[in-house]
Amino acid sequence: MTSSLNLFEQALQVPTMEAVIALSERVQTLEARPEGVVYTAYRAIDQTLLIGYTEALSAITTEHQQRDFELVEARRGTRREERLLLLTLKEIGLQSTYCEGCFDAEASTLAHLQQLGWPLGRLRNLRVSKNTRKRFQRG
């Protein structure tokens, strides 16, 4: 019975998030912020995801490159959408790592982001090595 409920919950996550995002966009109006984008960046050395919102993608890309993050994908979006995603991830039980918007690039995190409609690009196919993760955690 509980596995059926879990399947229903997972099946409803994407349409629910899409409806909430669509409603938020109408209230906030993307026309007011035409340069606003939500994005995902990835740092391979420690397998860290960085998700966020910006109105100046080129500036943020340069800043992230200095920290060895590579922009993976971005799409038009709103700050409200980013906040809602971060709140949802927290409610699911995913904790950010060293800064808000930074998460371990684990399979479960990527699955949740994909279900919630976040731009992931090539990360949809990323396979995270637990041995690599442990090596970086030890120092």
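Let's start with Thr48, which counts as buried at 3% relative accessibility; buried here means under 20% relative accessible area, exposed means over 50%, and partly exposed is in between, using a 1.4 Å probe and protein chains only. Before going on, please keep in mind that this is a predicted model, where local features need pLDDT of at least 70, side-chain atom pairs count only at pLDDT 80 or more, and totals for chains, interfaces and linings use all residues. Residues are numbered from 1 along each chain as its sequence is written, and side-chain values use heavy atoms, with hydrogens and water left out.

Back to our threonine. Thr48 is found in strand β2. Strands are DSSP runs of E with at least two residues, helices are runs of H or I with at least four, and both are numbered from the N terminus. Which residues does Thr48 touch, not counting those up to four places away in sequence? They are Ala41, Tyr42, Arg43, Phe69, Tyr98, Cys102 and Phe103, where contact means heavy atoms within 4.5 Å. The side chain of Thr48 also makes a polar contact with the side chain of Asp46, at 3.0 Å. A polar contact is a pair of N or O atoms within 3.5 Å; within protein, one must be able to donate a hydrogen and the other to accept it, and residues adjacent in sequence count only if both atoms are side-chain atoms.

Strand β2 also holds Tyr53. Tyr53 is buried, with a relative accessible area of 8%, and its side chain makes a polar contact with the side chain of Glu55 at 3.0 Å. Tyr39 in turn stands opposite Ala74 in β3.

What is the order of its strands? This open sheet of 4 strands runs β3-β1-β2-β4, with antiparallel pairing; two strands pair if DSSP finds at least two bridges between them. β3 (70-76) and β4 (102-104) stand at the edges with a single partner strand each, so one side of each has no neighbour in the sheet. From one strand to the next, the twist averages 20°. Strand β1 (residues 37-43) and β3 run antiparallel and are joined by 6 bridges.

Two helices pack on this sheet. Helix α3 (residues 79-92) touches β1, β2 (48-54), β3 and β4, and its direction makes about 145° with that of β2. Helix α4 (residues 107-115) touches β2 and β4, and its direction makes about 25° with that of β2. For these angles, axes are lines fitted to C-alpha atoms, for helices over the stretch in contact, and angles run from 0 to 180 degrees between N-to-C directions.

Finally, the whole chain. How many helices and strands does the chain have? There are 5 helices and 4 strands, running α-β-β-α-β-α-β-α-α from the N terminus on. Of the 139 residues in the chain, 37% are buried.
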